[in-house]
Amino acid sequence: MAGISSVAREQLRAIAALRWQLSLNSLRSVRGRLNLVSRAFAGLLVVGAGIGGAIAIGAAAWGITAEHKPLWLALPFWLISIFWQLFPVMASAFTQNVDTSALLRYPMSYPTYLLVRLAYGALDIATALGVCWSLGLFVGICVADIGLLPWALLGVGGMVIFNLLLARMIFVWIEHWLSLRRSREVISLVFVLLMVCFQLAGPMLGRYSRLPAMQRFHVLARFIPLQRALPPGLAAAVIEDAGAGRVSGSVLSLLAFAGYTGAILLPLHLRLRQQYAGEIASSSGEARPAVAPRSDGAMRRGWKLPFASGPVSAIFEKELHYFLRSGPMLFTMIMPVVMIIILWGGRKGFLNHQSGFLFPIGAAYCLLVMNNILYNSFGGDGGGIQFFLVSPISFRKIMAAKNLAQLVVLAAELVVLWLGVSFIYQKPNLNSLGLTFAWYLLAAPLNFSAGNLLSIYSPKRIDYSTFGRQRASESAIFVSLAVQLAGMGLGALAIFIGYHYAHVWIATLVLLALGVPSLIVYFVLLARIDRIAMSRRETMATELCRVQAQ
C-alpha cells in the first residue's frame, strides 16, 4: 500500500474493520452461526475445486512446456478465462455481488472507491477458482522450465488482472443495462440472434466433422493467428515467444496485452465514476408521465384468479409484477437455454444418442436457478413484511399465492426451455415430457416445502432490480442444494430402474408414486405455516426491515 495516500489507507482500514465487526456481530444469532457453517462447507468445496483444478491445469502446463508444444499452451489460458467470465452468469444462485453504494455516504475519494469495488469483486467464487487455477498454471510452467519464471509471472499475472477487471466491467454494465427497459429489449433481441447463429452454425460444423482429420487440423490452424490476437492468446504468446528466444515478440505481446487491459479499465472507470457521482439506476430507466385520474373516479381493479380469493389474487399479481420488472430475474430465465446451447457444442450429433434427456436435464436446471426465489420468498418484500403481519389474511394464503406465482414463473421457464430444445435439437418426445412432469411432481412440492420453511426461519432482504443481489442466505442456499441433490438423486435412481427393466415408463411411475407423499408433506406444512410464521414474526421483521450495509 505504499502508493496509496494516508487518508486512503485509513479509509480502507476502516472499511475492513467494519466488515470484520459485522461478521463477528452476525455470530450472535443462531442464523448467523448456521450461515457460518454453510460458508465453511462452501469454502471446503471451493478449496477442493481450486486445488484439484490447479493440479490438473498445472500438470497439463508442465507437459506442454516440457514437450515443447507451444501451440497448446494457449488452451489452459482460454479455459480459465472462459470459466472466469461464464460461471458468475451460469451459477447466479451461488454468487453474490455486495452492494457498495452505502459507502458513498462517507467522505471517500474516488480512487479508494475504485479499489473497494475491485476488492469486493475479488471475493466471489469465480475469482477464487480462477486465481487458484492460474497459480497451478504458473507453477506447472516454472517446474518444466525455471528460466520462464519472470515471463510466466508477467503472462499469468496479467491474465489474472485482465479477467478480474473484465468481470467487474461486465457486471457493472449489465447491472446498468438491465435497469433500463429499452436495454432489456435489446439484450433479448441479441440473445435471439445468438440462438439463430448457433442454429446456422450446426450444418457448417456438421460438414466440418465429416472432413478427414488432417483437413480438420488445417482448418483449425487458420484460427491460430486470431486467438493469438486476443488476450488469452497474447498471455500465452508472452511465454511461448520467451521459450523460443524471441524476447522482442514477448515484449510486443505484453504491450498488446496491456493495451487490452487499459481498454477494459476505461469503460469500468466511466461506469464507476458515474456511480460515484451519485447516479442511481431505476427499474425503468426513464421518467414516466403522470397517469391522469379516470374521469369517473373508479380505481383500476386488480386481477381475480378463478377459484381464488381476492387477497390471494392480489399477492399473486404483486409477485408477478416483481418478477416481470426485474431485469436480473428475466435474464436468469434464459440461462437454461444457454446451458443447452453450451451442451450442444454447435453440433447436432454431439448429444444425439442421449438427446431425450436434454429436456429433463434443462428442467432440473430451471428449478436450480429458482433457488433464490423459492428459498427466500419474502426477500423482495423487505419492509413490506409489516403489512403482511398486520393484514387480516393468513400466512397460509400468503405462501400459497407466492408459491402459485413461483410455479407460473417456473412453467414459463419450462416453455422457453421446450422452445430452445425443439429449435436446437428436436421436440422432446412423450417419454421425456412424462418423465419431466413426474419428476416435477416430486421435486417441486419438496422444494416449495423447504423453501417456505427457510423463507420464515432464514429470511434475507434482497434487491430484485440489481444484478447479482438476489441470493438467499448461506444457510438457505446450503439446504436448497441438499434438497436439490436429493431430488436429482431420486430421479436418477428412478431412471436407472427404468433402464434396468428396459422401460422408461417404469421410471415415470416410480416418480409419480414418490410425488404423492411429497404433495402430502407440502399441504400439511402449508396448513401449519401460520403458527410457524407467528412464532418467527419478530425475526422476520428484524431481518427484512434491516437496511443492508453490505
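Colleague: What makes you say that R271 lies over the face of W173?

Modeller: In this predicted model, R271 is 5.3 Å from the ring centre of W173. The cut-off for a charge over a ring is 6 Å, together with a limit of 35 degrees from the ring normal, and R271 is listed as lying over the face. R273 does likewise with Y110, at 4.6 Å from the ring centre.

Colleague: Where is R271 found, and why is R271 called buried?

Modeller: R271 belongs to helix α11, residues 247-276. Its relative accessibility is 1%. Buried means under 20%, so R271 counts as buried.

Colleague: With which side chain does the side chain of R271 make a polar contact?

Modeller: That of Q274, at 2.3 Å. The cut-off for such an N or O pair is 3.5 Å, so 2.3 Å falls within it.

Colleague: Why is the pair of F448 and Y522 called tilted?

Modeller: The ring centres of F448 and Y522 are 6.3 Å apart, and the limit for a pair is 6.5 Å, so the rings count as a pair. Their planes stand at 50 degrees. Stacked would need under 30 degrees and edge-to-face over 60, so the pair is tilted.

Colleague: What makes this a link between distant parts of the chain?

Modeller: F448 sits in helix α19 (residues 430-457) and Y522 in helix α21 (residues 504-527), and the two are 74 residues apart.

Colleague: Are F448 and Y522 buried or exposed?

Modeller: F448 has 7% relative accessibility and Y522 has 11%. With the limit for buried at under 20%, F448 counts as buried, and so does Y522.

Colleague: Which residues touch the most other members of the largest nonpolar core?

Modeller: F378, F395 and Y440, out of 55 residues in that core. Helix α19 gives the largest share of the core, 11 residues. Apart from this core lies another of 50 residues, among them M108, Y110, L165 and I264. In soluble globular proteins, nonpolar side chains tend to be buried together.

Colleague: What does Y440 touch, not counting residues up to four places away in sequence?

Modeller: A363, C366, L367, L410, L414 and P445.

Colleague: Where is the place of T539, and why is T539 called partly exposed?

Modeller: T539 is in helix α23, residues 537-544. Its relative accessible area is 28%, and buried would need under 20% and exposed over 50%, so T539 is partly exposed. T539 and S458 are 81 residues apart in sequence, while their C-alpha atoms are 8.7 Å apart in space.

Colleague: How many helices and strands does the chain have, and what percentage of the residues count as buried?

Modeller: The chain has 23 helices and zero strands. Of its 550 residues, 45% count as buried. Among contacts between residues at least 6 apart in sequence, 80% join residues at least 24 apart.

Notes
Residues are numbered from 1 along each chain as its sequence is written. This is a predicted model: local features need pLDDT of at least 70, side-chain atom pairs count only at pLDDT 80 or more; totals for chains, interfaces and linings use all residues. Side-chain values use heavy atoms; hydrogens and water are left out. Rings of Phe, Tyr and Trp (its six-membered ring) pair if their centres lie within 6.5 Å; planes under 30 degrees apart count as stacked, over 60 as edge-to-face and the rest as tilted. Helices (H or I, at least four residues) and strands (E, at least two) are DSSP runs, numbered from the N terminus. Buried means under 20% relative accessible area, exposed over 50%, partly exposed in between (1.4 Å probe, protein chains only). A polar contact is a pair of N or O atoms within 3.5 Å; within protein, one must be able to donate a hydrogen and the other to accept it, and residues adjacent in sequence count only if both atoms are side-chain atoms. A nonpolar core is a set of buried Ala, Val, Leu, Ile, Met, Phe, Trp, Tyr and Cys residues joined through side-chain atoms within 4.5 Å. Contact means heavy atoms within 4.5 Å.
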